[in-house]
Amino acid sequence: MHRLRRPGAEILRLAVLGAALAVGATALSAHAKQPSQRELAALFSALEKTDAVVEGASSGEHLLYVFFDANCWYCHLTWKALQPYESVGLQVRWVPVAYQKDSSVTRAAAIMLAKDRVAALRENEAHYRTESYDGGIAPAHATPEFAAQLAANTELMGRFGAPGTPLLVWRDQEGEVWLKVGMPRLSQLPTITGLPAQDNSDPELQAFR
């Protein structure tokens, strides 16, 4: 049996999702500047406290943060590119944001509110629909509190100076914070991850070799 929604509740829900997307877009345009290394250190500390999908190695010896939108094609390609590195010791913490589509919020909810977040993330990426630029997971209900958290994540990404996703953030062995905005070239991944180069024959990544 399908439960009917009250019209007022549906309007409120759509208003919340729309507000989250608007806040996210405003945050990105307001903060699209490169922060100093001192500012980056403070932002990295804030990033460490952010809820994320933890995929890959159990150890954080080789650690990479990636801000992603569940509908983002370049995030999808980044996920594909990082899979071999996760197999050899990389831990990736995927931080959700939402600014591309209305369903960015509800797909993020489907991932972050799942019992198994990693499985939900992999479902979204394994079934990504390139023809429409949509994540592969079915949208789920997003509470106002969750939408507000996504807006905060998007604002944090903007403070890093990123105009969009994906944003890769990591510390090197000297503790310096580094950023890469956009899908990296495969040749850059050893520097980003601190791990030896890994083979990846996925045809979707051909343009990034």
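**Salt bridges, core and backbone**

Modeller: Lysine 80 forms a salt bridge with glutamate 204, with the closest N and O atoms 2.5 Å apart. Lysine 80 sits in helix 3 and glutamate 204 in the segment after helix 7, 124 residues apart. Bear in mind that this is a predicted model.

Colleague: Is lysine 80 buried or exposed?

Modeller: Lysine 80 counts as buried, at 18% relative accessibility. Glutamate 204 is partly exposed at 28%.

Colleague: Which residues are in the network with Lys80?

Modeller: Salt bridges link Lys80, Asp202 and Glu204.

Colleague: How many salt bridges in the whole structure?

Modeller: The search finds 6. One of them pairs lysine 101 with aspartate 134, closest N and O atoms 2.8 Å apart. Aspartate 134 also bridges to arginine 107, at 3.6 Å. Arginine 107 is in helix 4, and aspartate 134 is in the loop between helix 5 and helix 6. Both aspartate 134 and arginine 107 are buried.

Colleague: Switching topic. Which residues touch the most other members of the largest nonpolar core?

Modeller: Leu64, Leu82, Trp94 and Ile111, out of 39 residues. Another core, of 17 residues, lies apart from that one and includes Leu47 and Tyr99.

Colleague: What does leucine 64 touch?

Modeller: Beyond four places in sequence, its contacts include Leu82, Val92, Trp170 and Ile192.

Colleague: And the backbone: where is the cis peptide bond?

Modeller: Between threonine 165 and proline 166, with omega about -5°. Proline 166 is in the loop between helix 6 and strand 4.

Colleague: What is phi of tyrosine 133?

Modeller: Near 55°, a positive value in a non-glycine residue. Tyrosine 133 is in the loop between helix 5 and helix 6, and it is partly exposed at 43% relative accessibility.

Conventions:
Residues are numbered from 1 along each chain as its sequence is written. This is a predicted model: local features need pLDDT of at least 70, side-chain atom pairs count only at pLDDT 80 or more; totals for chains, interfaces and linings use all residues. Side-chain values use heavy atoms; hydrogens and water are left out. Helices (H or I, at least four residues) and strands (E, at least two) are DSSP runs, numbered from the N terminus. Buried means under 20% relative accessible area, exposed over 50%, partly exposed in between (1.4 Å probe, protein chains only). A nonpolar core is a set of buried Ala, Val, Leu, Ile, Met, Phe, Trp, Tyr and Cys residues joined through side-chain atoms within 4.5 Å. Contact means heavy atoms within 4.5 Å. A salt bridge is a side-chain nitrogen of Lys or Arg within 4 Å of a carboxyl oxygen of Asp or Glu.
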